[in-house]
Amino acid sequence: MKLIAVVFAFLFMLSSCNKDSDKSIYHDYQGKWVLVKMSGNTPDSETTGEEMVWQESYKFNGNGTFTKERDQNGALTESSGSLTVLKSEEGTLLELIHATENDIIGSCLGDKKEVLVLKSTSVMTITWNQCDGPGLEYDKMMNTD
């Protein structure tokens, strides 16, 4: 009887450990992030909502992939690729590597890499403004599931 109890306890502990390790490092960032604010290099150049030049969103998946969509003048453009989470002095950075070249990639170097900075659990910005690109701010959408 003791052997059965020990085996049961061992299996219970093992299954508990697996549940913790199943949590993806992407879990905290997973979901849809929507562009809510644009700003330029001149004072008072901030726009929001329908006044922005384009509408845009990122969808981060638990498996380390992402999809980016942009709607500009009714034309929908999409790009996707892989996501890496980095910790730095600036805080948490999300490095996105797009699978192919695309005009919607906000990159200082003109390559397939974008870097996003998490300002909080629900606000994110892009580093594109550090090289004369627009300042873009995204809000995480609440999950309605």
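Setting aside neighbours within four places in sequence, Ser107 is in contact with Lys113 and Trp128, where contact means heavy atoms within 4.5 Å. The model behind this is predicted, so local features need pLDDT of at least 70 and side-chain atom pairs count only at pLDDT 80 or more, while totals for chains, interfaces and linings use all residues. Residues are numbered from 1 along each chain as its sequence is written, and side-chain values use heavy atoms, with hydrogens and water left out.

Ser107 sits in the loop between β6 and β7 (113–118); strands here are DSSP runs of E with at least two residues, numbered from the N terminus. With a relative accessible area of 13%, Ser107 is buried, the cut-off being under 20% (1.4 Å probe, protein chains only). A polar atom of the Ser107 side chain lies 3.2 Å from the backbone nitrogen of Leu109.

Strand β4 (residues 65–72) runs antiparallel to strand β5 (residues 75–88), and eight bridges join them; two strands pair if DSSP finds at least two bridges between them. Gln72 has Ala75 in β5 as its bridge partner. The hairpin of β4 and β5 has two residues between the strands, and Asn73 in this hairpin takes a positive phi near 55 degrees.

The link from β5 to β6 is a hairpin through two residues.

Technical notes
Helices (H or I, at least four residues) and strands (E, at least two) are DSSP runs, numbered from the N terminus. Buried means under 20% relative accessible area, exposed over 50%, partly exposed in between (1.4 Å probe, protein chains only). A polar contact is a pair of N or O atoms within 3.5 Å; within protein, one must be able to donate a hydrogen and the other to accept it, and residues adjacent in sequence count only if both atoms are side-chain atoms.
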